[in-house]
Amino acid sequence: RSDLYHVKNKLKAFITGDQIRINPKNMAAYYEANHVNMVFLSNEAMPVVLEEDDRRHAIIWTPAKLTPEFYAKVKAEIDAGGAQALYDYLLQVDLTGFTNATLPPMTAAKQELINLSLDSPSKFVRAFEAGDVQGFPAKGCPALLTPCLMSDLYAVYKLWCATTNERALPLPRFSNAITRKHGGQVLRKRYDSGAGTKGPSSVCYLPGGKALPAGDNEVYWLGERIDVFQRALKDLRGGAI
C-alpha cells in the first residue's frame, strides 16, 4: 500500500515524459524515446494515487459482470468482424480540438479515486468545512471558528485522525498543507488572552473565516476569536474522543 505513494511520480514520467531510462542488468543505463501508451486494469478500489489537480489519468469504472448470454453475443460479434468494425469507427471519430495537451475527462470514478487519494490534512479540511468534525458544527464553520492558533487547529486535526484511523502528519507538514493546498494563511500575530497580550504566535486564517471588523483593535479581536476556538476544542477533548 505504501508503494502507491512511492511510485506515483515514476508513473508520471512514464505517462508524459519524452524519454524512458533503461537500466539493464550488468550494463550501463541509457535512455530511449518514450512511445509508451499505458492502460491499468485493476479490481482495487485505489489502484493508483491521484492528486486533486491530476492531468494524466482517464479513469473508467466498469460495470459488474453481466450474464453469460451477453458475453456470448459479444463473442459472436467479435467473430463476425466486430473488432475491425470498432477500429473503423474509432478512425472516424471527430477529434477536432483534441491535442496532446487536452485534459482527460473528469468522470465520477476519477473524482472518487481522487477523494480516496487525499492526504489526511485535505480530508480533515473537507470534514471541518462540512461540519463533520465533532464539536464544530457546519453552521458558521469555519467562519465562526477562525482565525485560530495553528497549534489549536492542529490539535483538532490530531483528535480527528485518531477517530478516523488517518495518519496524522507532523505540525510543519500540516501547516504547509493548509497554506499551499487549501488557501489558508499563517501569520505571526499578537493577541489578548484576557490575562495580557501574548505572542507573536502562529495564527491561521482559513478561507471563509471571519475578517477583522472595521475599527476593531486586532489584538483584542484575535483574542476573542482564539478564545471561541479554544472553548470548542475544550468541549471536544471533554467529549467522546
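Trainee: How do the residues of the lining of the largest pocket divide into nonpolar, polar and charged?
Mentor: There are 21 nonpolar, nine polar and four charged residues. Here Ala, Val, Leu, Ile, Met, Phe, Trp, Tyr, Cys and Pro count as nonpolar, Asp, Glu, Lys and Arg as charged, and the others, Gly among them, as polar. Keep in mind that this is a predicted model, where local features need pLDDT of at least 70 and side-chain atom pairs pLDDT 80 or more, while totals for chains, interfaces and linings use all residues. Residues are numbered from 1 along each chain, and side-chain values use heavy atoms, without hydrogens and water.

Trainee: What makes something a pocket rather than a cavity?
Mentor: On a 1 Å grid over the protein atoms alone, a cavity holds points where a 1.4 Å probe fits but cannot get out, whereas a pocket is an open set with protein on both sides within 12 Å along at least five of seven lines; lining residues have an atom within 4 Å of a point.

Trainee: What volume does the largest pocket have?
Mentor: About 1,400 Å³. Of its 34 lining residues, M38, R56, H57, A58 and I59 are the closest to the centre.

Trainee: Which residues lie nearest the centre of the second largest pocket?
Mentor: They are L118, D119, S120, R173 and K181, from a lining of 22 residues. That lining divides into eight nonpolar, four polar and ten charged residues.

Methods:
Points joined across faces, edges and corners; volume = space filled by probe spheres on them.
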